[in-house]
Amino acid sequence: MFAKPRFAAALALAALAVGGCAAAGTSTPSQGGATGTLSDAGAAVSSTDGTQSAAASSAGTTADATATAYPLTIDNCGTTVTFTAAPQRVVAIKSTSIEMMLALGLADRIIGVAFPDGPYAPQWAPGGDLPLISDKVPGEEATLALKPDLVYAGWESNVSADGAGDRASLAAAGVATFVSPAACQEAKYQPHPLTWDDLFSEIVQMGRIFAVPQAAAALVNRQRAELAAIKPDGRGLTALWYSSGSKTPYVGAGIGNPQLVMDAVGLKNIAADLPMTWSSLSWEAVIAADPDVIVLVDSSWGSTQKKIAQLEGNPATAALTAVRHHRYLVVPFPASEAGVRSVEAVQTLSAQLVKLNLP
Amino acid sequence: MTTICAVPRERTPVTPGDTSPQASLLEPAEAARQGAAGRVGAAAPLRVDALTFHRSGRLVIDDVDCTVASGTIGAVVGPNGAGKSTLLHLVAGILTADAGSVRLGADRIEDMTRRNRARRVALAAQQVDGEVDLTAAEVVLLARIPHLPRLGSPGRHDHEVVGAALRRVGAQQFADRRFAELSGGERQRVLLARALAQEPGLLLLDEPTNHLDIRAQLETLSVLRSLAGEGLTILAALHDLALAAGYADTVIVLSAGRVVAAGPPATALTPDLIAEVYGVHADVLAAPDGRPVFGFAPLTARPGA
Amino acid sequence: MTTRLTDRPSGSGAADALRRRPRATVFGIGSVLLVALVVSVIVAVTVGPAPISLRAVWQSIAAHLGWGAGRPPLTVDAIVWNLRLPRALTSALVGAALAVCGVVMQAVTRNPLAEPYLLGLSSGASVGAVVVIVLGAAIALPLAAFGGSLAALILTLLLAGAFGGATALSPSRIILAGIAVSAAFSAVTSIVIFWSTTGDSFREILGWLLGSIAGASWTSVAIVAVAFLVVGVPLALGGNVLDAFAFGDDDARALGVDVRRVRWLLLGASALLTGAAVAVSGAIGFVGLIVPHAVRLVTGHRNRALLPLSALVGAILLTWADTLARTAFDPRELPVGIVTALLGAPVFAALLIRAKRLT
């Protein structure tokens with residue numbers, strides 16, 4: 001039938017989309033520290049903890065400077081990875097992985113990068129260009145041709161048969177694979193919700209793997225201090241984390257990086273009830289919630305100007321308070337996913353919020 | 001067994017060239033009440049002149065002339081592949097001839113608009129795709145399409161014509177059954193009813209008796225006889241020489257696309273002609289009522305034959 | 001025994017049965033369906049993720065139409081007038097358009113499996129849509145989709161031998177050409193998807209491929225309404241001509257139909273109408289295929305009745321399907337194509353089983 005080729009494409013696409021986006025999320029029932037509901041936009045609901053407490057309680061992620069003991073075996077998103085030595089030839093896929101390595105001062109161990117999401121943070125930007133394998137996910141052969149000893153991926157789907165290679169097959173070829181723990185898709189491994197401890201644990205873990213514990217400890221301490229210096233906004237403002245999508249918006253939901261960042265900034269996420277990292281939403285639900293501010297994720301493919309033009313051009317969304325009064329906060333895409341730039345996201349959003357001078 | 005409903009009207013002798021108003025299937029009083037609306041497709045004699053047609057490079061109809069007077073039955077006979085169906089399709093205007101003309105009365109078929117032609121000429125085909133999901137009555141209703149306005153809907157009159165047509169051929173009891181479920185014979189009746197419901201002046205039939213048993217064959221031809229009596233011009237392709245001889249006023253013998261004989265049965269269907277065209281030996285006898293009866297036998301080699 | 005034609009049959013003659021059934025039932029069923037459609041649209045405008053009372057709905061609509069004094073709050077008004085109402089109207093119009101085109105296609109090709117996208121229309125539109133989404137110019141989506149379907153249509157007709165010979169536009173050649181062109185365009189769509197999409201555009205493309213009325217605006221309503229009035233209504237009233245094709249081309253000619261011209265007109269009109277629908281709502285499947293069959297169960301096969309009733313049933317069906325898609329997973333939305341597929345597949349199976357039992 002004629003539906004067939006079209007449907008096949010759609011289904012293949014669905015498979016890609018579900019596997020592909022770390023933010024697709026699962027819908028498990030447990031809620032975690034999500035705040036806020038979609039109803040009553042005007043009520044001032046105080047934000048619950050999960051934000052400042054990361055610095056105050058310091059639950060379990062002490063910055064330990066002891067040397068690594070190899071072989072090091074780690075359960076990473078359900079796959080057991082064993083490191084016999086610190087990896088020296090790393091292929092890093094997605095900005096979160098690339099910038100983690102840069103932040104730990106490991107630029108010289110990067111033999112190739114792929115699928116970068118935007119410019120690197122200036123404080124650890126490399127002197128020259130990192131060797132770029134591919135704009136998107138590289139193929140397995142292209143990856144193996146570089147003879148890496150570690151493929152460090154920002155999305156779990158990056159290390160699949162359609163991507164840089166199935167984890168088992170790469171392991172058989174002597175290449176270790178590591179997925180950013182915040183991006184694990186399986187319910188058992190996905191942080192539910194994501195906490196600052198999760199993020200800092202990952203930094204410490206990377207420090208152990210690469211045998212740079214001091215750099216990791218220093219980074220964690222620095223980020224904790226930066227986070228502690230930010231006081232969450234107490235006005236109970238509601239916000240929409242608008243990532244992409246025109247007909248149907250794709251927004252930051254209740255358990256991922258957007259929620260974590262918004263909690264730290266002191267914004268109440270209108271999609272906090274959804275037990276996913278990111279989720280699609282209906283415009284109707286957004287308009288009904290009428291958020292006070294809109295956080296726009298800026299990327300090369302979905303620029304801020306385009307998003308604003310879309311919001312203003314659609315007569316339905318043009319009625320939103322935030323659109324009418326131009327109450328936008330902008331966060332660059334690489335800082336919008338869980339990683340070493342999450343604290344930076346909190347900082348920039350906080351500063352912009354103050355500048356908005358909202359009543 | 002079904003009964004054929006015949007019009008209890010005397011057969012009015014009609015002379016060639018007569019252009020009396022076409023007889024409606026409805027009774028005269030009703031038809032008169034309809035006024036002009038009931039008079040479509042005036043009956044007229046059929047004249048075919050020098051008709052020629054090629055298909056895929058092959059000459060299928062070769063310079064065919066024939067005439068069928070209005071109110072008479074013309075039978076086209078001939079062996080398989082002689083071109084009988086093709087001739088009917090050409091007369092109906094479904095195929096376009098390479099040369100020659102077909103006239104209905106004074107009007108050329110080729111010059112008529114499609115709609116007009118559909119109102120004046122009806123063809124009951126020999127083979128149809130049986131996988132049609134309409135009921136028999138709905139199939140007959142299709143015939144009213146040429147009479148309806150472009151985006152119009154069948155009205156009371158149309159439904160009455162359909163009913164009359166079905167009764168005429170004795171198909172009214174399976175009117176509501178699916179066409180696909182009917183037997184070959186029943187389908188043939190329905191298709192004949194459909195052709196009648198078109199209320200044409202010229203009725204073309206392609207092997208209307210193929211699937212019918214003896215009695216049904218005779219009944220069908222009686223219906224045709226009575227229709228001719230009402231002034232309709234009828235041209236039917238028949239493979240049964242006896243039927244042709246018994247019911248037709250004119251017999252046209254076609255062989256390899258050419259007319260080899262045309263005229264009353266007695267003159268057209270002689271044993272010699274049958275031997276030449278069909279390659280069989282024929283004895284023509286006379287039944288007590290004068291109808292010709294044929295006896296066939298294989299042709300054996302004869303000196304000088 | 002002979003029956004004189006002068007005898008008037010009383011009551012239960014075949015012609016009377018034929019006359020009574022369509023006259024009484026088509027009009028009756030049509031009226032009921034029309035009322036059902038109005039009710040469906042009202043329900044669609046009233047339900048949704050945002051709780052809005054019937055009174056507020058009426059106020060909003062009345063205010064826009066120039067009656068009544070009160071005006072509900074801006075966001076409520078935006079939801080009712082700029083989201084729900086255009087969406088409900090678009091669903092109804094697209095459903096009607098697809099159903100009518102389905103009937104026409106099934107009649108012209110004399111194939112019960114035919115559907116509106118037969119001529120490669122949806123695949124062509126997909127190419128246009130996907131290219132535009134990937135390039136980030138989603139504003140031009142309807143135009144690109146329509147252009148794509150036109151391109152596919154021309155190719156299909158060319159391939160089916162439109163410009164030569166008596167057997168040129170035969171049903172079987174049309175179907176085969178449509179399959180070929182659909183496959184080719186689907187392949188192009190797949191290439192574009194796999195080559196250039198980022199995580200964000202995956203979702204938009206998927207929504208489009210499955211068919212979604214999520215982005216419907218008053219512009220969408222205008223596009224489909226104009227197409228339906230100009231093309232759809234004449235099609236819906238042209239049942240007689242379609243019926244003439246019941247026994248094939250020769251037979252249709254014998255009934256006075258200009259087969260070649262009529263077929264061109266029917267295919268062209270159907271393509272225009274389908275193109276408009278697809279441009280606005282993506283490739284919603286099953287409506288054009290299932291609705292004609294379902295309506296045939298009630299009215300029989302005469303297109304005279306089938307066409308207008310299918311339009312109404314298609315409108316009602318899609319309105320409800322979209323309402324379901326919007327509300328079943330509140331606050332998230334499903335693309336409506338998923339709902340029609342979920343509904344359509346079992347219905348189709350049931351129809352097949354029923355047909356098997358009858359033969």
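## Domains of chain A

Chain A is assigned two domains: domain 1 (34-51 + 232-356) and domain 2 (69-228). These bounds come from an automatic or database domain assignment. The structure is a predicted model, in which local features need pLDDT of at least 70 and side-chain atom pairs count only at pLDDT 80 or more, while totals for chains, interfaces and linings use all residues. Residues are numbered from 1 along each chain as its sequence is written, and chains are lettered from A and ligands numbered from 1 in the order in which they are written.

## Between the two domains

Taken over C-alpha atoms, the centres of domain 1 and domain 2 of chain A are 27 Å apart. In the contact between them, 24 residues of domain 1 of chain A meet 20 residues of domain 2 of chain A. Two residues are in contact if their C-beta atoms, placed from the backbone, lie within 7 Å.

On the domain 1 side, the elements that give two or more residues are α8 (257-265) and α12 (342-356) of chain A. Helices (H or I, at least four residues) and strands (E, at least two) are DSSP runs, numbered from the N terminus. α12(A) gives the most to this side, with five residues. By type, this side of domain 1 of chain A has 11 nonpolar, 10 polar and three charged residues. Here Ala, Val, Leu, Ile, Met, Phe, Trp, Tyr, Cys and Pro count as nonpolar, Asp, Glu, Lys and Arg as charged, and the others, Gly among them, as polar.

## Chain A against chain C

The contact between these chains takes 38 residues from chain A and 47 residues from chain C. On the chain A side, α1 (3-20), β8 (238-244), β11 (278-280) and α9 (283-289) are the elements that give two or more residues. α1(A) gives the most, with 10 residues. The chain A side divides into 22 nonpolar, 11 polar and five charged residues.
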